[in-house]
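Here's a quick briefing to read alongside the model. Have the viewer open and follow the topics in order.

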Amino acid sequence: MAEAHQAVAFQFTITPEGIDLQLSHQALRQVYLSGLRSWRKRLIRVKNSVITGVYPASPSSWLFVVIAILATMYTRSDPSMGLIAKIQEHLPVSQSLSPQSQTVLSAVLFSTALWLSLILTMRLILKQLLSYHRWMFEQHGRMSNTTRVWLALVRIFSGRKPLLYSYQASLPHLPVPAIKDTVSRFLESVRPLMSEQQYSRMQGLASDFQSRLGLRLQWYLRLKSLWASNYVSDWWEEYIYLRSRGPIMVNSNYYGMDFLYVTPTPVQAARAGNAIHAFLLYRRRLNREEIKPSFVPGTIIPLCAAQCERIFNTTRIPGEETDSVQHWQDSEHVAVYHRGRYFRLWLYQAGRLLSPREIESQIQRILDDSSVPQPGEEQLGALTAGDRLPWARARRQYFSRGQSRRSLDVIERAAFFVTLDDSEQGMLGDDPAASLDSYAKSLLHGRCYDRWFDKSFSFIVYKNGKIGLNAEHSWADAPIIAHLWEYVLATDSFQLGYNEEGHCKGDIDPTLPQPQRLTWDIPEECQVVIGQSLVVAQALADDVDFHVFPFRDFGKGRMKRCRISPDAFIQLALQLAHYRDKGKFCLTYEASMTRLFREGRTETVRSCSTESCAFVTALERGEEAETCRRLFRLAAEKHQSLYRLAMTGAGIDRHLFCLYVVSKYLGEESPFLNEVLSEPWRLSTSQTPVQQVELFDLVNHPDYISCGGGFGPVADDGYGVSYIIVGENMINFHISCKVSSPETDAHRFGAHIRQSLLDILALLTSDPKAQQPQTAPSTKKDL
C-alpha cells in the first residue's frame with residue numbers, strides 16, 4: 001500500500017473544524033520532475049523543428065546575412081535595390097521609431113526574406129540534384145564527368161551536420177513511370193513463365209489496356225503525384241496492410257533474431273533490463289534526431305526517414321472495414337506479459353530513465369509474481385492473432401468502457417510490448433539446426449496469444465536469456481526495425497554489459513513502485529470470441545514450416561572476387577534451387593526500396609527473368625562451362641539493372657497497383673489489371689542488410705553475429721526466403737512454407753539453396769578471369 005499512498009499528491013477531508021489538507025511532498029516532486037521532462041522534450045522538438053526547417057542552411061546563417069546586409073548599407077550601398085526603402089515606407093510602427101531604427105528594422109526584414117529565399121533556392125537545387133540517378137547505372141569504378149560534377153554539387157548543397165529528418169523536404173517525389181514502359185517491362189518479366197499462347201493473350205490484354213483505359217487511369221495518377229508527397233505509400237499502407245481482414249500473424253508480421261552463437265547472460269530479467277534500457281536510449285536519440293540519416297551505402301545520397309516516426313508508442317487499431325495506425329507522441333511505460341498476466345511497467349522515476357539494473361529488478365518482480373490470470377486474460381492476445389473482423393467487433397463491444405478499456409489503453413499506448421517467455425530458444429542441444437527452426441516459429445507466432453501482434457513491435461525475452469522481436473508491418477518496413485535491433489544488440493553487449501553474476505550493472509532505487517497488474521472484466525461471450533480467434537491462429541501457426549541455417553562455406557568476399565554482386569549471386573542461386581526443387585520457374589518477388597524518394601517504401605524486383613531462366617536451363621542441361629558462365633553474367637547484369645530501375649522509381653508492380661486502385665475508384669473493370677494483381681508470388685525473397693557495421697567488431701568478436709530475421713510464406717504453395725549477409729564469409733537463410741502444401745518442404749529447399757550456391761561458385765572459379773582480384777559491381781541497395 002505504501003506505493004499507492006506515494007502516488008497521491010494531496011488528500012483532503014472535511015471535519016467539524018474545517019478542511020484538513022494533506023500534501024505529499026514526494027508525490028508533488030515526482031509530478032514536477034515528470035512535467036519538467038515533458039517540457040524539456042517539447043523544447044528539444046521545437047529546436048529540432050527549427051534546425052530541420054531551415055536546412056540545408058543553419059539558424060546561425062540568418063545572423064550572417066543580416067550583418068552582411070547592414071555592413072553593406074553602412075558603406076552607402078543598397079544591396080536591396082530600393083526594397084529596404086519600400087519596406088520602411090510601409091512599416092506599421094514607423095511613427096514610434098527613429099529614422100535610423102526604421103532603417104535597421106527594414107534591413108533586418110529584408111535580410112530575413114532574402115535568407116528564406118536562399119534556403120528555398122538551395123532546397124530546390126538539392127531536390128533537383130537528388131533527382132539525378134544516372135550515376136547508379138554507370139559501370140562500377142568508371143564515373144563520368146557529369147556524375148563527378150553532380151557529386152560535387154550535392155556535397156556543396158547538402159549542408160553540415162544534418163539531423164535525422166533534415167533531408168526530408170529536399171527529397172524528390174516518386175515519379176510516375178510512363179505507362180508504355182511499365183507494360184513493356186511487365187510483358188518482359190512474364191515472358192519466360194508463359195507459353196506462346198498465354199503470352200500472346202497477355203499481349204492483347206496489355207495492348208488494349210495501354211491504348212484505352214490505361215491512359216485515363218494514368219491521368220488521375222499523375223494528378224495525385226502532383227498533390228501528394230508519394231503517389232504510392234498511402235494506398236500501399238491502406239490496401240495492402242490495413243484493409244486486409246485475415247490474420248496479420250504469420251501473414252504480415254515478421255521477426256528478428258538474437259546473436260547466433262552468443263547469449264550475453266543466461267539471466268532472463270537481466271537481459272530484459274539491458275535490452276529495454278537500450279530500446280529507450282534509441283528512442284531518446286530518435287526524439288532528439290541524433291540518429292544519423294541513412295545513406296545509400298558508400299555514397300552521400302540520403303534515404304527517406306519518414307518511417308522512423310512511428311517506431312515507438314504505436315499500435316494498430318482493428319476496424320470492421322479497415323484498421324488504422326495510432327501513434328502517440330510519448331509513453332512512459334511498457335506493457336509486459338508473463339504467464340497469462342498483463343502488467344504496466346513504468347520506465348521513468350522522478351523524470352529520469354530507469355537504469356538497466358532497476359529495470360531488471362522490476363522485471364524480476366513480475367517473474368516472481370504468483371498471482372493467477374483472470375478469466376479470459378491468459379489468451380486475450382489471440383484476438384490480435386486471428387481474423388480482424390471478430391477482433392474489431394469484440395473491441396467495440398467489450399473493451400470500450402470500464403476497467404477493460406483502461407487496461408487495453410495501457411497496452412495500446414505503451415512504448416512497446418514485452419513478453420517474458422518461459423521457454424528456452426536458440427542453438428540448443430544435440431540438434432542446433434532443429435532448435436533454430438523452433439526459435440523462428442516461436443518468434444513468428446509463439447503460442448498465438450502471448451504476443452500483442454498489433455503493437456509496432458513486441459520484444460520477447462526467453463527463460464535462458466535469448467531475445468528476439470516480432471514486428472507489425474503496416475507502419476514501416478524491415479530496414480527500420482533492423483536499424484533499431486542492431487543498436488539494441490550492440491548497446492546491450494558492448495556498452496551496458498553485465499557483472500560477473502550475469503546481472504545488469506548499477507544500483508537500485510528501493511522506492512520504485514511495484515509494476516502495476518492490469519485488471520480485466522471479460523464476459524463469457526468475449527471469451528468465446530477469444531477461443532475462436534485462437535483456433536484460427538493456431539491452425540495457421542501449425543501450418544508453418546521453417547528452416548533456418550547459416551551458410552558458412554563462403555560469403556560475399558568470395559562472390560566479389562568472382563566479380564559478381566553478392567545479391568545477384570544469391571538471387572540466381574535461389575532461381576537454380578527453385579528449379580531443382582519444383583522443376584519449373586515461378587514469379588519471384590525480391591523486395592527493393594524506394595527511399596531515395598520522399599515517403600518511399602518498397603518496390604518489387606521480378607528476379608525471374610529471361611536471362612536467369614536461360615542460365616538455369618543451360619546449367620541443368622549440362623552445357624559447356626563457358627556458355628553457362630556467359631549466361632550467368634548476363635543474368636547477373638540483368639538482375640542489377642532491374643534492381644536499379646526499381647530503386648529509381650521505374651519499377652513495375654507499384655505503378656500497376658496504383659492504376660488498379662484508381663480503376664476501382666472509377667468503377668472500371670480491367671481484365672489486364674485483374675490478371676496481373678491476382679498472380680501469386682510463389683517465391684518471395686528479401687535481404688536484411690547490416691546497416692551499422694561500425695557497431696560490430698567481427699574481427700575481435702566473431703561470435704557476435706546476428707542471425708537476421710524472417711517472415712511467413714506469401715503463397716500457400718510457395719516459399720518465403722529471407723537472408724542476411726554477415727561479414728565476408730557467412731550468409732544466414734530463413735526459409736518458410738506451408739506444411740499443408742505437398743509441393744513445398746523448407747528443409748529440402750534449404751538443401752537445394754546450399755548446393756546451388758556451391759555449384760555456381762564451382763562454375764565461376766573454374767574461369768581464370770574470375771580469379772582476378774577486382775571489386776564486385778555495387779548493388780547500391782539498402783533494404
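S407 sits in helix α15, where helices (DSSP H or I, at least four residues) and strands (DSSP E, at least two) are runs numbered from the N terminus. The model is a predicted one, so local features need pLDDT of at least 70 and side-chain atom pairs count only at pLDDT 80 or more, while totals for chains, interfaces and linings use all residues. Residues are numbered from 1 along each chain as its sequence is written, and side-chain values use heavy atoms, with hydrogens and water left out.

**Around α15**

- S407 is buried, at a relative accessible area of 1%; buried means under 20% relative accessible area, exposed means over 50%, and partly exposed is in between (1.4 Å probe, protein chains only).
- Setting aside neighbours within four places in sequence, S407 is in contact with L518, T519 and W520, contact being heavy atoms within 4.5 Å.
- Helix α15 covers residues 402-412, and its buried residues are S404, R405, S407, L408, V410, I411 and E412.
- What do those buried residues of α15 pack against? Their partners are β4, β6 (333-338), β7 (341-346), α14 and β10 (417-420).

**α14 against α18**

- Helix α14 (residues 388-398) packs on helix α18 (residues 524-542) at an angle of about 160 degrees, and the axes are 11 Å apart.
- For these numbers, axes are lines fitted to C-alpha atoms, for helices over the stretch in contact, and angles run from 0 to 180 degrees between N-to-C directions.
- That is why α14 and α18 are roughly antiparallel to each other; the cut-offs are under 35 degrees for roughly parallel, over 145 for roughly antiparallel, 65 to 115 for roughly perpendicular, and oblique for the rest.
- The crossing of α14 past α18 is left-handed, which is the name used if the near helix is turned anticlockwise from the far one by less than a right angle, with right-handed for clockwise.
- On the α14 side the contact is made by P390, A394 and Y398, and on the α18 side by E525, C526, V529 and S533.
- Sorted by class, this contact of α14 with α18 has five nonpolar, one polar and one charged residues; Ala, Val, Leu, Ile, Met, Phe, Trp, Tyr, Cys and Pro count as nonpolar, Asp, Glu, Lys and Arg as charged, and the others, Gly among them, as polar.

**α20 against α22**

- Helix α20 (residues 566-582) and helix α22 (residues 625-647) pack at about 115 degrees, with axes 9 Å apart.
- That angle makes α20 roughly perpendicular to α22.
- α20 passes α22 in a right-handed crossing.
- From α20, D567, A568, F569, Q571 and L572 meet F632, A635, A636, H639, Q640 and Y643 of α22.
- By class, the α20 contact with α22 has seven nonpolar, three polar and one charged residues.

**Cysteines**

- How many disulfides does a search of the whole structure find? The count is zero, with a disulfide taken as a pair of cysteine sulfur atoms within 2.5 Å.
- C308 is in no disulfide, and the nearest cysteine sulfur, in C304, is 8.3 Å away.
- C308 is also buried, with a relative accessible area of 9%.
- C526, one of the α18 contact residues, is buried at 0% relative accessible area.

**Backbone spots to check**

- Y55 and P56 are joined by a cis peptide bond, with omega about 15 degrees.
- P56 lies in the loop between α2 (25-53) and α3 (59-74).
- E289 has a positive phi, near 60 degrees, in a residue other than glycine.
- Look for E289 in the loop between α11 (268-287) and β4 (314-317); E289 counts as buried, at 11% relative accessibility.
- E599 also has a positive phi near 60 degrees, and it too is a residue other than glycine.
- E599 is in the loop between β15 (588-593) and β16 (602-606), and is partly exposed at 34% relative accessible area.

**V65 in α3**

- V65 belongs to helix α3 and counts as buried, at 12% relative accessibility.
- V65 and S111 are 46 residues apart in sequence, and their C-alpha atoms are 6.1 Å apart in space.
- Leaving aside neighbours within four places in sequence, V65 is in contact with S111, L114 and W115.
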